[in-house]
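Visitor: Could you walk me through this structure?
Guide: Gladly; have a look first, and then ask away.

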Amino acid sequence: MQGKLNKRIENNEKVNDYLPVVPFPKNMLLEITNVCNNCCIFCANAKSSRKKKMMDLEFGKKILKEAYENGTREVGFYATGEPLVNMDLEKFIAYAKQTGYEYVYITTNGTLLDQKRAESLIEAGIDSVKFSINASNANDYLLIHGKDDFDKILNNITIFDQVRRHAPKPVNLFLSCILTSFTQEIKEEMNLLFKDIVDDMFFLECVNQGGYMYEINQRLAIGGRGGYHPADNICPMFFKNLYVSVEGYLTMCCTDFQNYLVAADLNQEPLKDAWNNQYAQKLRLAHISHNLQGTLCFNCIYNTNKKIEPLTADYAVPFDYENFDSTDSINRRIMKWQQAKSDDAQEFKTGG
């Protein structure tokens, strides 16, 4: 593997100074939808009570223009949803490239990325596509993704690789894989499946995603490591990246499923002003001083499920943190998967 993806991630993790007021970011994620056509076992999307919607194209163009004028040069079109669900994705990409963005990318589960869509993405000017594939066989894929699409994914990623090889400019193809306690030994299998197709692979362990998935600790976290562990317990996201939600809010986290870390409504406040407004500074100070109690960040970093309050109550979608839980559905899915494995083993043993 060439290490391209890992190198980009390492570079993006570097923060020179942890200060309340920080320079305008080079990188932005624009959540063009919070709709997802998968139901990953470790993801909070399925239980999120935010209204499902698509980002308005004209609003997205406005944000892209504002961010670029202030120094942003990289943009990804995803966050808590599946970007290919939004049929304006190619228009967002084309506008970003026309504006001057140097690097435009998406992360996708890939189920909608057939040949026609691959060609349209490349024609729009995309620079890289990262497939999120979290299993190495059909049974495990159904467990993790909640969809029986493993063969489709293998076909779609092969098609994209073939299409990109005829593109007028280089297009990177990456793969990310979230490991769980049931799938932690699949790295070698994934390498065998995809080493001749993708430019780089990236493996992560499943965690208490953005502080919203504490229940993964019971059965999915590997070795009890369910929390996010940034250096010095200071999350670098708030200091280096822009995240704009589908509603048009500046949120301080890319996995803010209930808008508990919203700092501003960008329909009302200029992006440049919002980036260092009082709410953004308040959250950065909380991280710098390690005084995160009562915030979503505390639950994320310290892997707890304590009572929390939103950064700005007007934009949050309130939830009962004690009952915002998907343990039952996780357990049902695991039991079904274990039964299928048992049935397959029995069938093999009897020669059926």
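Visitor: Which residues is Leu30 in contact with, leaving aside its neighbours within four places in sequence?
Guide: Contact here means heavy atoms within 4.5 Å. This is a predicted model, where local features need pLDDT of at least 70, side-chain atom pairs count only at pLDDT 80 or more, and totals for chains, interfaces and linings use all residues. Residues are numbered from 1 along each chain as its sequence is written, and side-chain values use heavy atoms, with hydrogens and water left out. On that basis, the partners of Leu30 are Met55, Gly60, Ile63, Leu64, Val75, Gly76, Phe77, Tyr78, Phe92 and Val244.

Visitor: Is Val244 buried or exposed?
Guide: Val244 is found in strand E7, residues 241-244 (strands, E, are DSSP runs of at least two residues, numbered from the N terminus). Buried means under 20% relative accessible area, exposed over 50%, and partly exposed in between, with a 1.4 Å probe and protein chains only. At 2% relative accessibility, Val244 is therefore buried.

Visitor: How many disulfides does a search of the whole structure find?
Guide: A disulfide is a pair of cysteine sulfur atoms within 2.5 Å. The closest cysteine sulfur to that of Cys36 is in Cys40, and at 6.3 Å it is too far for a bond. For Cys254 the closest is in Cys253, at 5.0 Å, also too far for a bond. The number found in the whole structure is 0.

Note on methods:
Helix = DSSP H or I, 4+ residues; strand = E, 2+ residues; numbered from the N terminus.
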